[in-house]
Amino acid sequence: MSRTPDFFEDLRRVGALKRGLLGGRPSDYALSQTPKPQLSRDTVGAWLRGERFPQRLEPLLDVLRDIRAEAAHQDVLDASADGFSGDSVAKLLAENRWRRTWEAERQRRTHLNQEGVERQQASSSLVDQERRARQAALADRPRPVRSWTPKRLGVHPAIPGQNTTPSGADFVLPTYVRRPHDERLHARLAAAVSDKSSLLVVVCGESCTGKTRTAVEALKAVPDDFQLLFPTDADSLLAMLAADAVGPCTVLWLNEAQYYLEGPAGEAAAAALLRRLDADGPFIALATLWPDHDKTLTTATGNGDPHRQARALLSQAHYVHLPNSFAGHLDAVRHAASHDASLATALKAGGTDVTQVLAAGPDLVAHYERPHGPQGVYGKALLSAAMDAHRLGVTRPLPLAFLQDAAPGYLTGSERAAADPDTWFTSALTHAQSLIKQIIRPLQDVPRSSGMGAVSGVVSLADYLQQHGRRARQLLCPPDTFWNAAIQHLTSPLDLISLGAAARDRYRLRHAAHLYCAAADAGDGYAMTSLAGMRQEVGDREEAERLYRAAIDAGHADALRYLAAMREEAGDQDEAERLACQAAATGDITGLRRLVFAREKAGDEQGVERLLYRATADDAGNTYAMMRLVGMREKAGDREEAERLYRAAVDAGNTYFLTGLALMRKEAGDRREAERLYRAAADAGDWYAATRLVELREEAGDQDDAERLARRAADAGQHYPLIRLVELRDEAGNREEAERLYRAAADAGHAGALRYLAAMREQAGDREEAERLYRAAADAGNSYALIRLVELREKAGDQEGVERLYRAAAGDVFDLMQLVELREEAGDEEGVERVYRAAADAGDSYAVMRLVELREQAGDREEAERLVRQAADAGDTEALRFLAQIREQAGDGEEAERLYHAAAEAGSSYAVMRLVELREQAGDREEAERLVRQAADAGNAYSLTDLAGRYWRHGLDADGAAAGPWVWPEPRPAARGTP
């Protein structure tokens with residue numbers, strides 16, 4: 001039996017195939033445009049270098065299909081993929097292979113995340129006593145869920161109705177109007193309670209759309225005997241989890257979850273909470289998030305991947321996305337308003353943004369946008385500075401001293417001259433803290449984390465104004481006073497680093513350097529690494545290397561990788577290898593992989609082997625190095641050494657290698673030892689080993705043991721061993737037994753088993769049960785079941801049901817393309833467009849672009865542009881860029897440039913680059929420079945570094961003028977110690 005291919009090794013082989021045999025086609029950029037959601041070019045490149053695991057399978061399959069199409073076009077599908085494995089190009093790119101290996105790697109990673117999760121129950125009164133003592137010491141303790149008020153849980157007070165007196169307007173809570181998402185959320189919580197499972201729910205929506213109120217109302221689905229925990233911050237959450245306070249029958253309340261998940265403490269809290277989700281239930285974590293924060297926390301980046309644990313946690317969440325308005329539900333609001341004064345007042349304002357009006361959001365914006373008198377003008381300057389701080393990444397309360405020093409840059413010269421230096425700030429603060437509609441202030445006091453009163457000297461900005469600032473000021477670069485005030489008054493390294501990155505993205509290099517330096521002075525190694533990167537970019541290699549070493553001293557392991565690359569470029573291979581191996585020992589194998597690739601590209605196989613042996617000597621548990629070494633030794637026919645390496649890795653505690661060692665023992669005829677090793681690997685959670693073990697027991701005729709092992713794996717969430725057992729029974733002609741086991745797998749939640757079982761019921765003539773099972777499988781994410789449902793509904797003449805299924809496919813490119821192929825095979829061109837339109841109506845931007853293409857091909861330019869504008873209004877800037885490309889390819893340069901301008905203004909870096917190319921080709925350098933400056937002001941300069949560097953050698957000043965030479969800041973030596 002052949003071994004399952006290594007997922008990352010196969011990715012690298014595909015990358016090598018594309019670069020070599022396929023001549024670099026398709027480009028990484030072209031590949032990045034295919035999946036939905038579209039990827040960055042860097043993400044595709046990282047995949048094909050084997051450096052990053054795709055969190056979702058379908059976008060990867062889209063990329064691989066494009067590569068396969070190019071291979072077919074070049075007629076090389078039957079050619080050897082790499083010259084040594086025996087795989088053809090077609091075999092390497094086979095979809096089933098990737099589905100199998102991706103699932104294997106996902107299971108392995110899940111297992112690694114779950115290590116150490118299950119806690120032993122207190123085995124003695126002493127242990128139990130210690131746990132109770134820890135819980136008693138918590139600052140934030142659990143209380144019965146019904147004892148918490150909406151106000152205490154963070155619900156915004158509503159505007160009082162016209163008949164409400166001021167004395168009764170302390171906290172107005174209007175009647176709650178339920179919508180479809182409420183019904184789904186209540187059902188989900190009730191199911192978690194009933195099943196005694198653990199559940200993380202994220203209620204995601206813009207400011208003042210009712211996120212917290214929605215979550216509070218959902219608590220009605222929780223039994224009265226549940227406890228609710230509301231941690232103050234990430235440290236409090238960590239303390240709760242460490243004290244075993246978050247037990248069964250508990251709700252964990254994470255309002256504004258970004259405050260719990262950002263920074264090192266947030267990463268630790270995310271990892272701990274992920275482990276808690278795998279423990280005993282019923283347990284419910286209820287979180288709220290803005291879409292912007294959700295995107296930040298769930299988007300993989302370079303730069304040390306600061307949100308890796310938060311991303312892993314949120315990938316397990318059940319999301320409830322709140323609409324921005326009550327469009328379609330105003331009749332229900334009107335009915336409730338007949339006996340609710342606040343709702344009645346909100347309806348009189350007109351429009352459908354009911355929750356925003358109730359929270360006085362539009363009134364806050366009006367107070368900011370239309371200030372009265374000098375007091376209002378100066379107050380607006382404070383609010384503008386606060387908005388800029390938050391939109392550029394500051395998460396902590398804002399010092400009043402920062403706002404005072406930042407504000408002058410937001411005023412005109414005459415406004416500054418007219419200000420009384422002794423009183424302007426006091427009057428400005430009075431305006432900025434005015435009580436709006438009796439319920440909310442633009443700048444708010446910050447309550448103490450414990451005890452009574454407010455924290456002295458700091459304020460926070462109302463979240464509705466934070467959101468307004470992100471939109472209204474997104475194309476503006478803050479003035480010089482803002483950056484200088486931040487350097488002088490902000491102390492959080494995370495805030496300083498965020499502002500440093502924002503300054504760098506705006507090509508304000510001097511400000512970026514000083515902000516990074518300030519963070520480095522506070523002991524942050526990442527800031528030191530960023531500062532070193534800036535020095536490296538300008539060619540100051542000596543200073544860059546010195547700073548990288550200082551970052552290493554400060555405990556920032558990423559600097560090891562960068563320094564290793566510098567030493568390699570300088571020809572110092574020994575030091576490069578030492579640093580890369582040191583980084584690998586901390587878990588960062590990127591530098592090691594890069595050196596291996598470089599040696600391979602140079603044909604230095606001995607150098608590769610020497611490097612890998614060096615890495616395993618430093619860290620015998622290094623999976624990447626061990627796997628590469630084992631592969632090289634097996635390829636060379638040195639099975640004895642390969643087995644020795646396997647055993648060394650296992651002895652180092654790396655259970656991943658048990659399966660490989662078991663396979664070698666099986667191939668050597670030592671079946672008993674092979675089975676022992678497979679059992680050990682299966683016990684450690686390796687689904688592949690469990691599958692092989694099931695096969696061995698089935699082959700030995702011990703069907704009861706095979707089924708017991710398969711069921712045990714399914715109970716642990718590993719369904720494939722049971723599915724494989726079903727296949728073996730089916731292949732043996734025992735269909736009745738196969739169906740029985742399929743039902744067991746389906747009952748364990750395996751969507752694929754549901755589909756197979758549905759097919760068996762359909763063959764048996766039980767169409768009603770078949771359709772029920774297909775629907776359950778489709779709801780669980782099985783694309784093939786969705787396709788079969790469409791076919792069944794079409795045969796039944798249920799066109800409305802078909803349209804519902806089309807809309808259900810929105811958001812998943814694979815499902816969408818399967819439906820499109822179904823219509824294309826039937827020759828139904830109108831049906832193809834109907835599929836895309838249903839998905840587009842559900843907000844699928846990929847479907848929008850396909851629709852645009854179809855409308856363009858049909859000559860319906862007006863409809864194509866309407867669709868693009870609709871997508872742009874919903875925040876999809878790439879649709880504009882896509883239409884511009886279509887018009888440019890059609891030879892309509894003037895229209896293409898107009899659309900590129902619209903896309904550039906909406907934030908598309910590609911559109912800016914293309915516009916600059918067009919303007920430079922036309923000899924209009926002045927306009928080209930203006931476009932790059934505009935992109936820099938909007939924060940897109942980092943993606944346009946080559947262009948910006950061509951125009952401004954020393955960066956830009958805050959006002960947009962080209963900066964002159966400046967002196968680099970020097971971090972204090974104290975920053976080099978371990979923080």
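How many bridges join β7 to strand β9, and in which sense do the two strands run? In this predicted model, 2 bridges join β7 to β9 (residues 454-461), and the strands run antiparallel. Helices (H or I, at least four residues) and strands (E, at least two) are DSSP runs, numbered from the N terminus. Two strands pair if DSSP finds at least two bridges between them.

Residues are numbered from 1 along each chain as its sequence is written, and side-chain values use heavy atoms, with hydrogens and water left out. Because the model is predicted, local features need pLDDT of at least 70 and side-chain atom pairs count only at pLDDT 80 or more, while totals for chains, interfaces and linings use all residues.

The secondary structure of the protein chain comes to 53 helices and 9 strands. Of its 979 residues, 53% count as buried. Buried means under 20% relative accessible area, exposed over 50%, and partly exposed in between (1.4 Å probe, protein chains only). Contact means heavy atoms within 4.5 Å. Among contacts in the chain with a separation of 6 or more, 62% come from residues 24 or more positions apart.

β7 and β9 belong to an open sheet of 3 strands. The order is β7-β9-β8, and the pairing is antiparallel. β7 (398-399) and β8 (443-447) are the edge strands, each pairing on one side only. Proline 399 stands opposite valine 458 in β9. Helix α19 (residues 373-391) packs on this sheet and touches β7, β8 and β9. The direction of α19 makes about 80° with that of β9. Axes are lines fitted to C-alpha atoms, for helices over the stretch in contact, and angles run from 0 to 180 degrees between N-to-C directions.

Alanine 428 lies in helix α22 (residues 424-432). This residue is buried, with a relative accessible area of 0%. Leaving aside neighbours within four places in sequence, alanine 428 is in contact with Gln375, Tyr378, Gly379 and Leu382. Alanine 428 and proline 374 are 54 residues apart in sequence, yet 8.2 Å apart in space, C-alpha to C-alpha.

A second open sheet has 6 strands in the order β1-β3-β4-β5-β2-β6. Its pairing is mixed. β1 (143-144) and β6 (318-321) stand at the edges with a single partner strand each, so one side of each is left without a neighbour in the sheet. Strand β2 (residues 198-204) is joined to β6 by 4 bridges, and the two run parallel. Within this pair, valine 203 stands opposite valine 320 in β6.

β5 (283-289) pairs with β2 in the parallel sense over 7 bridges. Strand β4 (residues 250-254) is joined to β5 by 5 bridges, again parallel. Isoleucine 284 in β5 has leucine 199 opposite. Valine 251 also stands opposite isoleucine 284. β5 is mostly covered, with 7 of its 7 residues buried. Phe283, Ala285, Ala287 and Leu289 are buried on one side, and Ile284, Leu286 and Thr288 are buried on the other.

Helix α8 (residues 180-195) lies across β2, β5 and β6, running at about 165° to β2. Helix α13 packs on the sheet and touches β2, β5 and β6. The direction of α13 makes about 115° with that of β5.

Histidine 307 sits in the loop between α13 (291-298) and α14 (308-314). Histidine 307 is buried, with a relative accessible area of 14%. Beyond its neighbours within four places in sequence, histidine 307 is in contact with Leu261, Glu267, Thr296 and Leu297.

The axes of helix α30 (residues 573-585) and helix α31 (residues 590-601) come within 8 Å and cross at roughly 140°. The two helices are therefore oblique to each other. Angles under 35 degrees count as roughly parallel, over 145 as roughly antiparallel, 65 to 115 as roughly perpendicular and the rest as oblique. Gln573, Ala576, Glu577, Ala580 and Ala584 in α30 meet Gly591, Leu592, Leu595 and Arg599 in α31. These contact residues divide into 5 nonpolar, 2 polar and 2 charged. Ala, Val, Leu, Ile, Met, Phe, Trp, Tyr, Cys and Pro count as nonpolar, Asp, Glu, Lys and Arg as charged, and the others, Gly among them, as polar.

Cysteine 581 is buried, with a relative accessible area of 1%. Cysteine 208 is also buried, at 6%. A disulfide is a pair of cysteine sulfur atoms within 2.5 Å. By this rule the count is 0 disulfides.
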